[in-house]
Amino acid sequence: MKILDGALGIHGQALAVRTKRLEVLAQNLANADTPNFKARDIDFRQVLADTNNQPAAMTATRGAHYEVGEVANPDGTLYRVPFNTAVDGNTVESSIEQAQYGKAAAQYQTTLNFLESRISGVRKALRGE
Amino acid sequence: MSSFDNIIGVAGSAINAQLTRLNATASNLANASTVAGTDAEAFRAKRAVFKALVDEQYTQAGSPFVGGVFIERMSVDPAPARMVFQPGNPLANKEGYVFQSNVSEVTEMVEMMAASRSYQNNVEVINTARQLLSRTLEITKA
């Protein structure tokens, strides 16, 4: 569906990244009391930029070949730097995660609204209204 | 598996873990004034030790939700039992002492409030995810 991909623009991919971010924040909140758990977050701009221009993959033909451009967390997550440290090694700060989760939910709905307007645009074009 | 399933699953595993923690607190509070005849038999406070579900083998064995939380084990509070001189107590030893539990009511109340707040947090996470999911389903009506 090449036509529809163009019609929806970047919002389809953006929605996927937004969902992933909500998931990471939910994991942080779930582990708010887990010793040694390190809170993570997604840099939305970075991940979206990566999905748009992925570099051409190089092929490893021998066992001694190294992977090129490998990052520490291939899923694009980064560890959060806490404002205060906890004795048990946990870096989740519940109130900050709650605020981020609420913000991420609002951003998700924003992307959803963009997507809805694109869809209604396509529908109007198809009906010839 | 859609990502929303995972959000709800992760928050669900956290609710489950917090409920176990709340249960342990209730048990500790109920036994706060339990006495025993020997130090070994005295009731000792129990605490849930949480662990993140990150390893593949955990996710295969129990909950399928990566990033959730589960109870790794129950730890026993190492604080000594309180010795109280009660010669009239039928459980008293030869010297007339009984061994009270090492439960600290204040600590348990704090633990209870922390557990219930974390529980509520995760309920809110599920609520938000559910609302976003149903809004996404309505995208076809646009």
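A polar contact is a pair of N or O atoms within 3.5 Å; within protein, one must be able to donate a hydrogen and the other to accept it, and residues adjacent in sequence count only if both atoms are side-chain atoms. By this rule, chain B and chain A share twelve residue pairs in polar contact, both residues being at pLDDT 80 or more. The model is predicted: local features need pLDDT of at least 70, side-chain atom pairs count only at pLDDT 80 or more, and totals for chains, interfaces and linings use all residues. Residues are numbered from 1 along each chain as its sequence is written, chains are lettered from A in the order in which they are written, and side-chain values use heavy atoms, with hydrogens and water left out.

**Interface of chain B and chain A**

- Chain B brings 29 residues to the contact and chain A brings 26 residues, where contact means heavy atoms within 4.5 Å.
- The size of an interface is often given as the accessible area lost when the parts come together.
- Here the area buried between chain B and chain A is about 2,300 Å², and carbon and sulfur atoms give 59% of that area; buried area is the accessible area (1.4 Å probe) that two parts lose on being put together, summed over both.
- Two salt bridges are found across the interface of chain B and chain A, a salt bridge being a side-chain nitrogen of Lys or Arg within 4 Å of a carboxyl oxygen of Asp or Glu.
- B:R135 forms a salt bridge with A:E116, and their closest N and O atoms are 3.3 Å apart.
- On the side of chain B that touches chain A, the elements giving two or more residues are helix 1 (3-30), strand 2 (46-52) and helix 3 of chain B.
- Helix 3 of chain B gives the most to that side, with nine residues.

**Chain B: surface and helices**

- B:M109 is located in helix 3 (residues 105-137) of chain B; helices (H or I, at least four residues) and strands (E, at least two) are DSSP runs, numbered from the N terminus.
- B:M109 counts as partly exposed because its relative accessibility is 39%; buried means under 20% relative accessible area, exposed over 50%, and partly exposed in between (1.4 Å probe, protein chains only).
- Together with B:M112 and B:M113, B:M109 forms a nonpolar surface patch with about 270 Å² of accessible area.
- Patches are made of residues with over 30% relative accessible area and no salt bridge, with like charges joined within 9 Å and nonpolar side chains (Val, Leu, Ile, Met, Phe, Trp, Tyr) within 5 Å.
- B:D5 lies in helix 1 of chain B and is partly exposed, at a relative accessible area of 40%.
- The C-alpha atoms of B:D5 and B:T128 are separated by 13 Å, and the two residues are 123 apart along the chain.

**Chain A: overall**

- Chain A has four helices and two strands, in the order α-α-β-α-β-α along the sequence.
- Of its 129 residues, 32% count as buried.
- Chain A exposes about 8,400 Å², with 55% supplied by carbon and sulfur atoms; accessible areas come from the Shrake-Rupley method with a 1.4 Å probe, and for residues only the protein chains shown count as cover.
- Among contacts in chain A between residues at least 6 apart in sequence, 80% join residues at least 24 apart.

**Chain A: two loop residues**

- A:T91 sits in the loop between strand 2 (77-79) and helix 4 (94-127) of chain A, and counts as buried because its relative accessibility is 13%.
- A polar atom of the A:T91 side chain lies 2.7 Å from the backbone nitrogen of A:A39.
- Not counting residues up to four places away in sequence, A:T91 touches A:F37, A:K38, A:A39 and A:P82.
- A:N36 is found in the loop between helix 2 (11-30) and strand 1 (40-42) of chain A.
- A:N36 is not a glycine, yet has a positive phi of about 65°, and is exposed at a relative accessible area of 55%.
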